Amino acid sequence: MTDGWRHSEGPFAWRRSLWLAALLTPALVVMVLFVLWPLLSAFRFAFYEFNGLRPSGFIGLENFRQVLFEKPYSDWTWNALKHNVIAFLALMLFENGTAFLIAFALLKALPGHRVHQVIVFLPVVLSAVIVGFLWKLFLHPLFGLVNQLLGLVGIGAIPWLGNENTALGSILFANIWHWLGFPTLVLLAGMQRISKDVLEAARLDGAGDYALMTKIVWPLIAPSVTIVTILTFIGSFNWFEIPYVMAGLTGSPGGSTDVLGLYFYRTAFGSTTTGIQDFGQGSALAVLMFILVAGVTAIALRYLRRREIEQ
Amino acid sequence: MRDRGETIRNGAIQLLLAVNAVIMVYPLFVMVTSSFKTNAEIFSSPLSLPTHFSTANLEKVWTETNFVRYLANSVGITAASVALILLFSTLAGYAIARYRFRLSSLVLMFFLSGMTVPLKLAIIPLFIQLDTLGLVDSYLGLVLVYVAMGIPSAVFIMTGFLRTLPRELEESARMDGASELRIMWSIMLPLARPALVIVAIQNAVPIWNDFFFPLVLITSDNLKTLPQGLTVFVGEFTTDWGVLFTGLTLAALPITLLYIVLSKQFISGITQGAVK
């Protein structure tokens, strides 16, 4: 890798440097101003008390102590965290489980499989705000599509979003509808990389579809499963838009749909009801969320990568 | 026997795919058809097709709301952000891919590490930073945030692609005395078009759909983007479902049409990075 200016040392070297600097500067400046600096500040701010928009004094770990151990903040934090964990587990099971089945069905490349690929991915390109509002209307207890359809088979009106027991599940359903196409096509891409010879050989040995799916395809797509798992984890812990749109800023009813993203937003930018905002506590929450996501991702990557090698 | 088993299995697979397709498409179909219905029609017979195609809802959305303004804002902000991402990351990627210089790998590392940063979590300092620069509640502030978010992976893709272009073209142009700028602009960049399309789609979709950053950074109604505007709109027309479905349909329309035309590029752009 050399470039044409290698003979132009000496008098022309400065022109080369200037040219390279001109190419790199715009991107670097934006990154330093709007990624590097905010990120470093995010960690620093977590240790400060805030007076409005400006940090007013260093208070050590006080913000962390409040959000983790002091009521009522700690109750809110743990309640939200619990829902993030539930969301992650539910999405792994229902969203990625369904995605695996559909990907396996698409792998067969039966007539119409390309149309099905386009269809399953269609909701992915829509804004979460559209998806959230659409399902909020559909889940309306009296006039919503879901209860109208269930009414046809004699099931009575269920207040999906109004009941603490069904609200989180309903929101998760909308989220699965929105994102299903993503893991489906990622897993499909993984399956399509399995060599035809391997699949053919298994077939000749008399392996049925089920054996093929569990014994050959599943282990061989381990790298795709790793990526889908990690992205689901990151997505579950940064979850914000759909809960915000469908359940509101406080995770109604009764905090049963509150997640860390909502709680963080309320803390940092004030809820509509209280109007109180605290950048210090908000920063502490952001740092904790960052450490949680980055830490678990790093550990999971090591564990999942090892699984890939063993297979 | 074997053939019959195969037929049943394939039938089961087609059934699974068909059921899934109905679940994916039917809600959107109801959304579109409901937008032509009156409120009374939606409430009394939600499952039936509209009896006559009324455009009253459409007129209401067009004239009584700020919808067109939100749409225009989204188009402008997305276009400006994507254009700047393409420009900045192509320039940087070109420098890293086509020249040898001392800090080259360090610079690339710096960009790549940006890919792992969830910028949402740095929203507080970002907000303060933009406030200091007087950019809160402005197009420019929002665009700069999107550009910063898009650059890392864009530099990654552009660098990777530009590295694969053959040296010979560049060398012979240099022999002919072409300037470096000219070599980059008229010889190398036209070849990079496929990568530019991927980068454009990969960034345009999440920016067009984004809700979080406008929610925090934009407060004036005239500057609001489409997803953000929808929340205003839904707040105003809570009980007028005909208008709500129309608004959702209109908001979904541009990107859906584009997706149907460019589905291949959309899918590879959005799953890019997860399917390596």
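Biologist: What does the accessible surface of chain B come to, and what share of that surface belongs to carbon and sulfur atoms?

Modeller: Please note at the outset that this is a predicted model. The accessible surface of chain B comes to about 12300 Å². The share of this surface belonging to carbon and sulfur atoms is 69%.

Biologist: Which pattern does chain B follow along the sequence?

Modeller: Chain B contains 14 helices and 0 strands. Read along the sequence, the pattern is therefore written with helix symbols, a helix being a DSSP run of at least four residues. For chain B the pattern is α-α-α-α-α-α-α-α-α-α-α-α-α-α.

Biologist: What percentage of the contacts in chain B between residues at least 6 apart in sequence join residues at least 24 apart?

Modeller: As background, 53% of the 276 residues of chain B count as buried. Among contacts between residues at least 6 apart in sequence, the share joining residues at least 24 apart is 72%.

Biologist: How far apart do the centres of the positive and negative side chains of chain B lie?

Modeller: Chain B has 18 positive and 16 negative side chains. The centres of these two sets are separated by 11 Å.

Biologist: How far apart do the C-alpha centres of domain 1 and domain 2 of chain A lie?

Modeller: The domain assignment of chain A gives domain 1 as 4–45 and domain 2 as 65–310. The separation of their C-alpha centres is 38 Å.

Biologist: Which helices are included in what covers the buried residues of H14(B)?

Modeller: Helix H14 of chain B comprises residues 263–271, and its buried residues are Ser263(B), Phe266(B), Ile267(B), Gly269(B), Ile270(B) and Thr271(B). Just after H14(B), Gly273(B) takes a positive phi of about 100°. The cover of the buried residues includes helices from both chains: H4 (113–121) and H8 (181–192) of chain A, together with H10 (193–209) and H13 (241–261) of chain B.

Biologist: Is Gln66(A) buried or exposed?

Modeller: Gln66(A) is placed in helix H2 (residues 62–69) of chain A. Apart from neighbours within four places in sequence, Gln66(A) is in contact with Tyr73(A), Ser74(A) and Gln281(A). Because its relative accessibility is 16%, Gln66(A) counts as buried.

Biologist: Which residues does Asn175(A) touch, not counting those up to four places away in sequence?

Modeller: Asn175(A) is found in helix H7 (residues 167–179) of chain A. With a relative accessible area of 6%, Asn175(A) is buried. The residues touched by Asn175(A) are Leu91(A), Glu95(A), Trp239(A) and Ile242(A).

Biologist: Why does Thr225(B) count as buried?

Modeller: Thr225(B) is found in the loop between helix H11 (212–217) and helix H12 (226–236) of chain B. Leaving aside neighbours within four places in sequence, its contacts are Tyr70(B), Asn73(B), Ser74(B), Ile77(B), Leu142(B), Asp210(B) and Pro214(B). Buried means under 20% relative accessible area. Thr225(B) is buried because its relative accessible area is 4%.

Biologist: What is the omega of the cis peptide bond that joins Ser252(A) and Pro253(A)?

Modeller: Pro253(A) lies in the loop between helix H12 (241–247) and helix H13 (260–269) of chain A. A cis peptide bond also joins Lys71(A) and Pro72(A), with omega about 0°. For the bond between Ser252(A) and Pro253(A), omega is about -5°.

Biologist: What relative accessible area does Asp137(B) have?

Modeller: Asp137(B) lies in the loop between helix H6 (123–132) and helix H7 (139–163) of chain B. Phi of Asp137(B) is near 60°, a positive value in a residue other than glycine. Asp137(B) is partly exposed, and its relative accessible area is 22%.

Conventions:
Residues are numbered from 1 along each chain as its sequence is written. Chains are lettered from A and ligands numbered from 1 in the order in which they are written. This is a predicted model: local features need pLDDT of at least 70, side-chain atom pairs count only at pLDDT 80 or more; totals for chains, interfaces and linings use all residues. Side-chain values use heavy atoms; hydrogens and water are left out. Helices (H or I, at least four residues) and strands (E, at least two) are DSSP runs, numbered from the N terminus. Buried means under 20% relative accessible area, exposed over 50%, partly exposed in between (1.4 Å probe, protein chains only). Contact means heavy atoms within 4.5 Å. Accessible areas come from the Shrake-Rupley method with a 1.4 Å probe; for residues, only the protein chains shown count as cover. Lys and Arg count as positive and Asp and Glu as negative; His and the chain ends are not counted. The place of a charge is taken as NZ of Lys, CZ of Arg, CG of Asp or CD of Glu. Domain bounds come from an automatic or database domain assignment.
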